[in-house]
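Subject: Structure handover

Hi,

Here is the structure I promised to pass on. Please open it first, then read my notes below.

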Amino acid sequence: MAHEGTHAAHHETSVWALPVGLSTFFLSLAAIAHFTWHLPFLAVLSGGVGLALLAIGIAGWANEYFSKGHDEGLGFQGIVWFVFAEVVIFGTIFAGFWMARVTHADVWVREWIPQGGMNLALVALLTLILWTSSFTIWKAEHSIEEGDLGGYRMWLLATMVLGTAFLVLHAWEWLHLWHKGFTISSNMYGTGFYMLTGVHASHVLVGVLMQLVLLINSGKALNKKTPARAASYYWHFVDLAWLLVAGTAYIVGSYGKF
Amino acid sequence: MAAVSYRPYFSAGLKEWLFTTDHKKIGIMYGITSLIFFLIAGLSALAIRLELYQPGLQYMSEDAYNQALTVHGVLMQFWWAVAIWGSFGNYLLPLMIGARDVAFPRLNALSYWLFFAASVLALLTFLPGNHIRMMWTGYPPFSLNENAGPVAFYALIIHMLGASSLASAINLVVTNLTMRAPGITLRKMNLFLHAFLAMNVIQILGVPALAGAVTMLLMDKYFHTAFFDPTRGGDPLLYQNLFWFYSHPVVYVMILPAFGLISEMIATFSRREIFGRTSMIFAIWGIAILGFMVWIHHMFTSGVPDWIRILFSYTTVLIGVPTGIKIFNWVFTLYKGSVRFTTPMLYTLSAIFMFLIGGLTGIPLGLPAFDIAVHDSHFVVAHFHYVLGMALTLAVFGGFHYWYPKITGRMYSELWGKIGLVIIMIGSNLFYFLQFIVGLEGMPRRYADYPPIPEWVRLHELQTIGAFILAFGVFIALANLILSTKLGPKAEDNPWQSPSLEWLIPSPPPPHNFDKIPHMPEDWDPYNYEWLEKQHKKA
């Protein structure tokens, strides 16, 4: 088992969970100050404190993790369970989207699909980018298993570049559609479209940030290979989810009026 | 397992507590936070009962009444019935599987601090102008109304609680599956561990559904999305479906661990292995799986088609089978056992009694014909206060007494423990049994006022008296537990003579639990009391 051997009895502590926990309080407070109290100054202040605490907390946490102790390999299982939860999160929005698509099929096709339909060529490009990045992160994982630190860094960076390119192109696409009058509040197609793709893009962003943390700590990665495996697994999930998200948001959503 | 003298885990400075990653300290922190909010929720319940003592509005405005109901519901569900298991799970799970800590100790600390942040936010809603009055369900379109209170608070509190639950659930599942000491097989795991495993799996699959629902609420309120707006293709029933897809399974998140506690205590105080232990494990998982297939029974009056109502009525009634198996097995465990009527045992038996009443009134509630008749009446309120209010709280209080010597190293007063329980049982039955009757007679729930029908007035007066007796009993029980941390006599390491692993180490446990990871022998079992006697003879 993981903890063989004897330790001297002392109290186990870590400074880093507390700032990360408190950061969520300040970030929530910022949202509340903005939405319900209408106090912009408090919102900016609280949001700034929250983001700073979050960044410091995660940096310290990662540094402590990579510098102390040994790799127990449990993190991978943790991510597997987390992905189950993610499937349900996506499921809730799919439920809303599909329910409206079925019950309002008529008005959906007649009125809700934006003029000229969806840009399916762009979707194909986005898919290509994301799935190439699944290959690059697999190469990164493979490199670190072999002990090839240079390859690990290069493939990780390549994945981040692809992930960022995906986000930029996607943002451009959103702006384009928004200006055509297809907004998040237009109707259930707009709501479902921006929520599905938006939640998915937020996952891509989290994945890229994970890779950034891995890249910063890559000097110590040879002793701790589990985070690379876990981040890779998470990234594959995000890429697979894209198939369903894009299929639903673009193809099922705009079917009948290409 | 040699007893080495240690400074106990809890004698540590402020810095050690604040930055701790020790599962025992985090368990204590969960427990104290949970108890504080239990008391706030209890006080708001007393305020509700005072208002209902007589017809008409005496003490509160309707808005204040709505706020009191919301506070009572949200705090009792999330801070007591769910979060108290964060306390038991964190403290006991690593001890029972022979581990030094959970799989991800830092993440465990983060789970607590997320919970703490949510707690502070919840307290902020007491500020004037921020009262949440949308009930714990937060149904749209009502919750999107100005009068319902700030949605941002409600949604973000639920998000943070959800993140905390999710992190904690993943942590405990991975710990349970990968860090069991050699010799503790799945078959030999305590029923407590099986219950917590099932409960945490439910959390992992359920919490995201609620998070999705309140995210949609947040988006609808502040970004004008169309999720719950029928004029733009949305559907308010989507919220109800997602909400109950989590919030029905969550009643098993609350009650399965209580079943686990009951199983531990029944076995120890009957000195017998749980009758039908394998069937108990199947019953736990049966309840966990069926729990995801019954949510529509909360929506029988929402206009769902008949065939769906019938389908979900069947699955609901089906849950009675594994639950019934558990109750029969507990009763059969008593048969030919050498039963000791200690305070935790009496709490356990009371919990089973209350669960039986609550469970049996739940079966007819699963039948649409009856449910539609008593829908949104005090009958429903009485039903879930018997199962979740009382059976759960009695099991938790039983657990407090049972593991008290393990956690504090001292013994509580048996006499005051029993007095507290008797008062709780008198008060709660007077209160909730009459609530069934007034509910059957048509008293709707969530109303601050009722017509001055003489019989209703009498029933409400007696209920309020019962509620105050119940509160007094809780006060006695908690005072006994709190005062005994200073006044109680020193406890032995294993006062109940249980072979379960947490009792084989010193009380209170040393900071690292186990000097050496234990290798449990072939003939050991958490319920093998002869094994423990043989160990004593050898020593």
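This is a predicted model: local features need pLDDT of at least 70, side-chain atom pairs count only at pLDDT 80 or more; totals for chains, interfaces and linings use all residues.

B:Pro508 sits in the loop between α17 (454–487) and α18 (529–538) of chain B.

B:Pro141 belongs to the loop between α4 (105–124) and α5 (151–178) of chain B.

That loop, between α4 and α5, also holds B:Met135. The phi of B:Met135 is positive, near 65°, and the residue is not a glycine. Is B:Met135 buried or exposed? Its relative accessible area is 10%. Buried means under 20%, so B:Met135 counts as buried.

B:Arg271 also has a positive phi, about 50°, without being a glycine. Look for B:Arg271 in the loop between α8 (249–270) and α9 (277–290) of chain B. B:Arg271 has 23% relative accessibility, so it counts as partly exposed.

Now the cores. The largest nonpolar core has 240 residues. Which of its members touch the most others? They are B:Trp79, B:Trp85, B:Phe88 and B:Phe397. Helix α6 (residues 191–223) of chain B supplies the largest share of this core, 21 residues. Domain 1 (1–69) and domain 2 (75–254) of chain A both contribute residues to this core, so it lies between them.

Setting aside neighbours within four places in sequence, its contacts include B:Ser34, B:Phe37, B:Val74 and B:Ile84. Also among them are B:Phe115, B:Ala118, B:Ser119 and B:Ala122. B:Ile157 and B:Leu161 are on the list too.

A:Ser28 is in helix α1 (residues 17–37) of chain A. Its relative accessible area is 6%, so A:Ser28 is buried. What does A:Ser28 touch, not counting residues up to four places away in sequence? The answer lies in chain B: B:Leu121, B:Leu156 and B:Met160.

Best wishes

Terms used:
Residues are numbered from 1 along each chain as its sequence is written. Chains are lettered from A and ligands numbered from 1 in the order in which they are written. Side-chain values use heavy atoms; hydrogens and water are left out. Helices (H or I, at least four residues) and strands (E, at least two) are DSSP runs, numbered from the N terminus. Buried means under 20% relative accessible area, exposed over 50%, partly exposed in between (1.4 Å probe, protein chains only). Contact means heavy atoms within 4.5 Å. A nonpolar core is a set of buried Ala, Val, Leu, Ile, Met, Phe, Trp, Tyr and Cys residues joined through side-chain atoms within 4.5 Å. Domain bounds come from an automatic or database domain assignment.
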